[in-house]
Amino acid sequence: MPGTVRPLATLSVIAACALALTACGSSGSGGSADGTPAPSGSALAGQSITVYSGQHEQTVKALTEDFTKRTGIKVELRSGDEAELANQILQEGAASPADVFYAENPPALTVLGDKGLLAQVSADTLKSVPAADSSGKGDWVGISARTSAFLAGTGKGADTAPPASVLDLAKPEWKGRLGIAPSETDFAPVVTQVLKAKGEDAAKQWLKGLKDNAKVYDSNENLSAAINSGEVEGGVIDHYYFYRLRDEKGAADTHSTLHYFPKGDPGSLVDVSGAAVLKNGKHQAAGQAFLAYLASAPAQTVIANSASYEYPLVTGVKGKPELPALDGIGAVADPAQLGDGKQALSLLQDAGLLQ
């Protein structure tokens, strides 16, 4: 088939990639030592890969442009909701044009991995980030991290006396004060954490309490805006929505404050975004080169400096200075324990929080 690389040729192409893109090596850096683009004359230059991305579009666009400058490999980017993109890959099967899937949360990757649709990630790429941040099967690599947090309207009761646990939000005293965005793909992992910590019956009761107490929003952006405007007192979001809201509104018009749940609480979820090469992708070596780049210092620096406000995973690359240290919030959730998210989604539907 056109674009298919024979196994021995794959090894030679990856070796050529290592010469042109230092990110393919175990050192975790890409391009030259001063960060200038590497020459694009490798065996991969001129190839084109298709990336299905459920991650922040602006940041991923900056990453793909930098990757192309460094390697000569072009990227066709298709951005959308990660769950919809994962379903699209499942429906397309072997005919999918996708070479790489870049997801916001592990469950979407787990679904594809369980179907045998993901290729093994290069061992050198996996070594670039902590082992706990990637798939235990080696079929996707962690790229960045975020944490759940509680956003409260500044000066409101939710701010002066924030919940000691995410479980407290189901208590009657939160009725009418709370907002949630249960259709967001990053809410289901919080439900999974509650399931893991307290069991199914307790998770069902917790979700019933949330439904009784909360106003439902269709996105974390809208939830954050509602908290900031005083429409509701508080709600659970991923941390970066607060910083993006602050950048959009400016300090004077930011009327909300971020609180973190205690370590060990189901609400202190630290989650990773990850990327994988599709097993049926037509450009295996180029796809592996893209993953190697994402797990390299130059790409991680792009992420760290972006408006996404995510945590880089490569040692030595620091996130934005206003972000609290990630290890002070909690440990990265085990992707295997997060699973495919289906039980959490089922419970959300049973609770009437999802259609």
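Reader: Contact means heavy atoms within 4.5 Å; with that in hand, which residues does Ser308 touch, not counting residues up to four places away in sequence?

Author: Ser308 touches His56, Thr59, Tyr240 and Arg244 when residues up to four places away in sequence are left out. Before going on, please note that this is a predicted model, where local features need pLDDT of at least 70 and side-chain atom pairs count only at pLDDT 80 or more, while totals for chains, interfaces and linings use all residues. Residues are numbered from 1 along each chain as its sequence is written, and side-chain values use heavy atoms, with hydrogens and water left out.

Reader: Where is Ser308 found, and is Ser308 buried or exposed?

Author: Ser308 is in the loop between helix H12 (297–305) and strand E10 (311–312), where helices (H or I, at least four residues) and strands (E, at least two) are DSSP runs numbered from the N terminus. With a relative accessible area of 2%, Ser308 is buried, a word that means under 20% relative accessible area, with exposed over 50% and partly exposed in between (1.4 Å probe, protein chains only).

Reader: Changing topic to strands, which way do the residues of E3 point?

Author: In strand E3 (residues 100–103), Val100 and Tyr102 point one way while Phe101 and Ala103 point the other way, and all are buried. In a regular strand the side chains alternate between the two faces of the sheet.

Reader: In which sense do E1 and E3 pair, and how do E3 and E9 run?

Author: Strand E1 (residues 48–53) pairs with E3 in the parallel sense over 3 bridges, and two strands count as paired if DSSP finds at least two bridges between them. Within that pairing, Phe101 in E3 is the bridge partner of Tyr52. E3 and strand E9 (residues 270–277) run antiparallel and are joined by 4 bridges, with Ala103 standing opposite Gly274 in E9.

Reader: How many residues of E9 are buried, and which strand do 6 bridges join to E9?

Author: 8 of the 8 residues of E9 are buried, so the strand is largely enclosed by the rest of the structure. Val270, Val272, Gly274 and Ala276 point one way from E9, and Asp271, Ser273, Ala275 and Val277 point the other way. The strand joined to E9 by 6 bridges is E4 (residues 141–153), and the two run antiparallel, with Thr147 opposite Val270 in E9.

Reader: And what do the buried residues of H4 pack against?

Author: They pack against helix H3 (82–92), E3, E9 and helix H13 (335–338). In helix H4 (residues 106–114), 8 of the 9 residues are buried, so the helix is largely enclosed by the rest of the structure.

Reader: What about rings: how many aromatic pairs are there?

Author: The count comes to 9 aromatic pairs, taking rings of Phe, Tyr and Trp (its six-membered ring) as paired if their centres lie within 6.5 Å, with planes under 30 degrees apart called stacked, over 60 edge-to-face and the rest tilted. One of them is Phe67 with Tyr293, whose centres are 5.5 Å apart and whose planes stand at 45°, so the pair is tilted. This pair links distant parts of the chain, with Phe67 in helix H2 (residues 57–71) and Tyr293 in helix H11 (residues 284–294), 226 residues apart, and both are buried. Ring pairs also link Phe67, Phe290 and Tyr293 into a cluster.

Reader: Which residues touch the most other members of the largest nonpolar core?

Author: Phe101, Tyr102, Phe290 and Leu294 do, out of the 67 residues in that core. H11 gives the most to this core, with 7 residues. Apart from it lies another core, of 30 residues, among them Val191, Phe261, Leu269 and Leu347. A nonpolar core is a set of buried Ala, Val, Leu, Ile, Met, Phe, Trp, Tyr and Cys residues joined through side-chain atoms within 4.5 Å.

Notes. Contact = heavy atoms within 4.5 Å.
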